[in-house]
Amino acid sequence: MADSSSFDPQRLLSHKFPEPDFNYTERDAALYALGIGACGRDATDSDELKYVYDEKGQQYIQVLPTFAALFSLGSQPNGFDLAVPGLEFDPRLLLHGQQYIEIYKPLPSKASLRNEISLAGLHDKGKAAILELETRSYEKESGELLCMNRTTFYLRGAGGFSNPSDPYSYSNYSSNQSSVVRIPESQPFAVLEDCTQPSQALLYRLSGDYNSLHADPMVAKVAGFDKPILHGLCILGYAVRAIIKSICKGDPTMVKGIFGRFLLHVYPGETSVTEMWLEGLRVIYQTSVKERNRAVLSGYVDLHCLAPSL
């Protein structure tokens with residue numbers, strides 16, 4: 001547990017984070033799509049081939065909206081060159097708690113981005129600390145804001161830096177942007193079952209998240225898992241891809257905002273089952289693993305509009 005006398009939250013609030021660049025090509029976008037299971041069951045899937053191949057005379061491939069989550073990799077405090085002043089924790093015990101994404105324009109198939117990182121939240125939970133970092137990604141050439149990520153980390157052993165009777169808590173955003181999701185009791189509007197491959201984490205990590213928890217059996221055991229687990233952002237990609245396929249009728253540009261709360265780990269090779277409920281322009285979803293019948297992810301996706309065929 002952190003020594004309360006050694007950590008001053010105000011120091012972190014006033015800290016100026018670096019502004020890392022993020023450059024990607026069409027190859028990176030296609031590799032990401034394969035990493036979250038696109039065309040995994042059917043290599044000729046007409047809804048998903050466009051993410052990896054310029055079909056039907058397209059000049060460029062289309063980019064899945066969850067690809068935006070990769071832009072915040074440079075803000076992660078677990079192996080990326082970023083100091084979190086005064087906050088001590090073991091990176092092997094870090095958990096990814098939530099991801100919130102706003103998409104302001106369709107993601108181009110290639111881009112050079114400038115990221116602005118800021119502290120969005122810090123909460124003392126006693127035995128742990130919750131750290132929230134916000135990353136705003138701008139296209140270098142045009143200066144346009146492309147998207148925003150808010151990433152929530154659960155840092156085991158980093159709490160206890162404030163008065164237990166009045167624990168420190170700071171947020172700079174509205175709570176309605178990432179509130180607890182209530183799963184409806186009604187039958188879902190749509191359900192999609194999909195497979196992950198035993199090598200899924202090894203493929204997904206090529207998109208830039210090289211945390212050894214997802215590849216090294218010994219590191220996984222130290223963290224309390226039987227074997228390496230799948231990246232949380234990978235299973236988020238599976239869920240949003242299911243919504244695009246089932247609700248958006250294959251159109252990724254309909255996605256406006258994404259929120260995901262990671263509930264439980266997923267082992268590569270397990271089957272994901274995503275249930276979807278339509279509430280106006282918001283899709284409430286819950287993803288479970290079929291083999292263990294356990295919910296692993298829940299959240300919502302906000303849409304610009306509904307597909308005419310719904």
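This is a predicted model: local features need pLDDT of at least 70, side-chain atom pairs count only at pLDDT 80 or more; totals for chains, interfaces and linings use all residues.

Reader: Is Leu281 buried, exposed or partly exposed?
Author: Partly exposed, because its relative accessibility is 41%. Partly exposed covers the range between under 20% for buried and over 50% for exposed.

Reader: Which residues form a nonpolar patch with Leu281?
Author: Phe189, Leu306 and Leu310. Together with Leu281 they put about 340 Å² of accessible area on the surface.

Reader: Switching topic. Where is Thr66?
Author: Thr66 is in the loop between helix 2 (26–35) and strand 2 (94–103).

Reader: Buried or exposed?
Author: Buried. Thr66 has 2% relative accessibility, so it falls in that class.

Reader: What does Thr66 touch, leaving out residues up to four places away in sequence?
Author: Tyr32, Ile36, Leu236, Gly237, Val240 and Ile258.

Reader: Now the inside. How many residues are in the largest nonpolar core?
Author: 55. Phe67 and Phe71 have the most contacts inside it.

Reader: Which helix gives the most to this core?
Author: Helix 5, residues 232–246, with 10 residues.

Reader: And Phe67, what does that touch?
Author: Tyr24, Asp28, Ala29, Tyr32 and Leu107. Again, that skips residues up to four places away in sequence. Tyr32 is also on the list for Thr66.

Reader: What other core lies apart from the largest one?
Author: One of 18 residues. Leu87, Leu94, Leu155 and Ala158 are among them.

How values were computed: Residues are numbered from 1 along each chain as its sequence is written. Side-chain values use heavy atoms; hydrogens and water are left out. Patches are made of residues with over 30% relative accessible area and no salt bridge: like charges are joined within 9 Å, nonpolar side chains (Val, Leu, Ile, Met, Phe, Trp, Tyr) within 5 Å. Accessible areas come from the Shrake-Rupley method with a 1.4 Å probe; for residues, only the protein chains shown count as cover. A salt bridge is a side-chain nitrogen of Lys or Arg within 4 Å of a carboxyl oxygen of Asp or Glu. Buried means under 20% relative accessible area, exposed over 50%, partly exposed in between (1.4 Å probe, protein chains only). Helices (H or I, at least four residues) and strands (E, at least two) are DSSP runs, numbered from the N terminus. Contact means heavy atoms within 4.5 Å. A nonpolar core is a set of buried Ala, Val, Leu, Ile, Met, Phe, Trp, Tyr and Cys residues joined through side-chain atoms within 4.5 Å.
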